[in-house]
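Subject: Structure handover

Hello,

I am passing on the structure we spoke about. Please have it open while you read the notes below.

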Amino acid sequence: MNKNMLEKYAEVIVKVGLNLQEGQRLFIAAGLNTAPLIREVTAKAYQNGAPLVTVLWDDEELKKIRHQYAPRDSFEEFPEWVARGILENAERGDAYLSVTGLDPDLLAGFDPELIALELKTRAKHYKPALNLISNGGVQWTVVCPPTPKWAAKIFPDLSEEEAEEKLWGVMEKLCRLDYDDPVTAWQQHLSDLSKRHDYLNKMQFETLHFRGPGTDLKVGMPKDHIWKGGSGKTQGGVDFTANLPTEEVFSMPHKDRVEGTVHSTKPLNYFGNLIEDFSLTFEKGRVVDFSAKKGEETLRKMLESDENAKQLGEVALVPYYSPISESGLIFFNTLYDENAACHLALGSAYRINIKDGVKMSDEELDAAGVNDSLIHVDFMIGSDKVDIDGITPDGSVIPLMKKGAWAFEV
Ligand code: ZN
Ligand code: ZN
């Protein structure tokens with residue numbers, strides 16, 4: 001990677017991702033192995049007038065060391081002040097940037113039960129902060145810059161160093177950093193996505209029907225569901241882009257109205273453990289049967305995370321012909337892989353995906369079909385062999401995607 005590319009990346013993060021406002025503080029949670037990018041982002045933020053940038057550093061080697069040596073009954077321990085700090089920052093309106101460069105195989109071979117318990121503990125403590133942030137409380141952005149171990153997983157024939165260099169080359173395209181003016185390129189792309197979700201919002205399909213190899217799935221949509229994609233808005237009306245890169249338009253399924261079977265089209269990296277080639281069968285919205293060629297035990301643990309982990313919280317449409325998909329790579333990282341293909345998520349729905357969702361009580365959300373869970377795990381179900389129809393309330397069938405490409409004009 002060269003300095004110029006890092007600078008462009010940082011500019012896209014600060015201006016398109018966070019859309020950092022005059023006088024707004026920035027809080028960053030980052031892996032140590034992403035420090036060069038964090039320094040550029042910090043510089044851009046201050047140049048943009050941020051009065052304070054703070055970073056909470058993490059180190060993936062330390063995660064591993066915990067699983068190697070910590071007492072087996074200690075995985076419910078959590079530093080409460082960290083979660084309180086993130087909540088406090090969000091409450092005072094600081095923008096939130098999460099930068100991770102996790103080795104997909106980091107925790108391979110460690111006890112899936114303890115991995116699940118650690119994640120569950122973390123999710124429980126983070127929930128108030130993440131609810132506030134992800135429901136439009138502040139602008140937030142997630143990015144995953146190349147790191148050596150991750151790059152070597154994608155390009156196993158290269159050394160870590162060569163692989164990282166090559167991955168930066170790929171990233172330049174995926175993050176549109178190869179444009180002279182990446183910020184304008186992003187704004188055009190985001191406007192295309194917004195036309196797609198405007199159409200879907202107008203149509204208010206009752207059901208989406210997915211068909212492909214191993215897949216025949218009807219996903220019921222709740223009344224007044226909202227499609228989002230590209231950039232979002234905080235409750236205060238500030239635009240931001242939560243994921244960079246992003247290619248998806250997404251909404252929430254009705255948690256009790258999903259029927260049929262769906263087959264994954266890409267491996268799912270569940271915090272360092274891979275689940276591959278898996279199928280889920282739904283009845284009345286809940287997973288009633290599942291199988292996986294690899295990682296079945298991790299899948300089972302994930303589905304048992306809590307009461308509602310077996311129900312869906314997201315449905316997303318992504319054309320097969322997009323930069324990430326066209327790279328032909330499997331990234332073993334949800335941020336990239338989810339933007340390569342149509343996907344579903346098990347677990348929590350985003351309240352922003354239903355009208356008045358942020359104002360509804362828990363009972364009202366439940367009655368509207370909105371899923372609530374400690375997990376939100378995306379898994380890929382799209383490919384160039386998948387067709388999707390939208391079924392309107394009066395029963396007409398409208399093709400939305402054919403063989404992975406958009407089938408409607410905007
Ligand atoms: Zn998504
Ligand atoms: Zn998701």
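The second largest pocket has a volume of about 320 Å³; bear in mind that the model is a predicted one. Its lining comprises 20 residues, and those closest to the pocket centre are Ser231, Gly232, Asp239, Phe240 and Thr241. Five elements, α1 (3–17), α8 (182–203), β7 (228–229), β8 (232–233) and β9, contribute at least two lining residues each. The largest share comes from α8, with five residues. Sorted by class, the lining of this pocket holds 10 polar, six nonpolar and four charged residues.

Now the metal site. Glu248 (OE), Glu314 (OE), Glu338 (OE) and His343 (NE2) coordinate the zinc ion (ligand 1) at 2.0 to 2.4 Å. Along the chain, the spacing of these donors is E-x65-E-x23-E-x4-H. The angles subtended by the four donor atoms run from 70 to 142°, and the arrangement is therefore irregular. For four donors to count as tetrahedral, all angles would have to lie between 85 and 135 degrees.

Glutamate 248 and glutamate 338 are both buried.

Regards

Definitions and conventions:
Residues numbered from 1 in each chain as written. Chains lettered and ligands numbered in written order. Predicted model: local features only at pLDDT ≥ 70, side-chain atom pairs only at ≥ 80, totals over all residues. Heavy atoms only, no water. Donors = N, O, S within 2.8 Å, 3.2 Å for Na, K, Ca; no water. Tetrahedral: all angles 85-135°; square planar, octahedral: opposite > 155°, others 65-115°. Buried < 20%, exposed > 50% of the residue type's maximum accessible area, 1.4 Å probe, protein only. 1 Å grid on protein atoms, 1.4 Å probe; cavity = no way out; pocket = protein on both sides within 12 Å on 5 of 7 lines; lining within 4 Å. Points joined across faces, edges and corners; volume = space filled by probe spheres on them. Helix = DSSP H or I, 4+ residues; strand = E, 2+ residues; numbered from the N terminus. Nonpolar A, V, L, I, M, F, W, Y, C, P; charged D, E, K, R; others polar.
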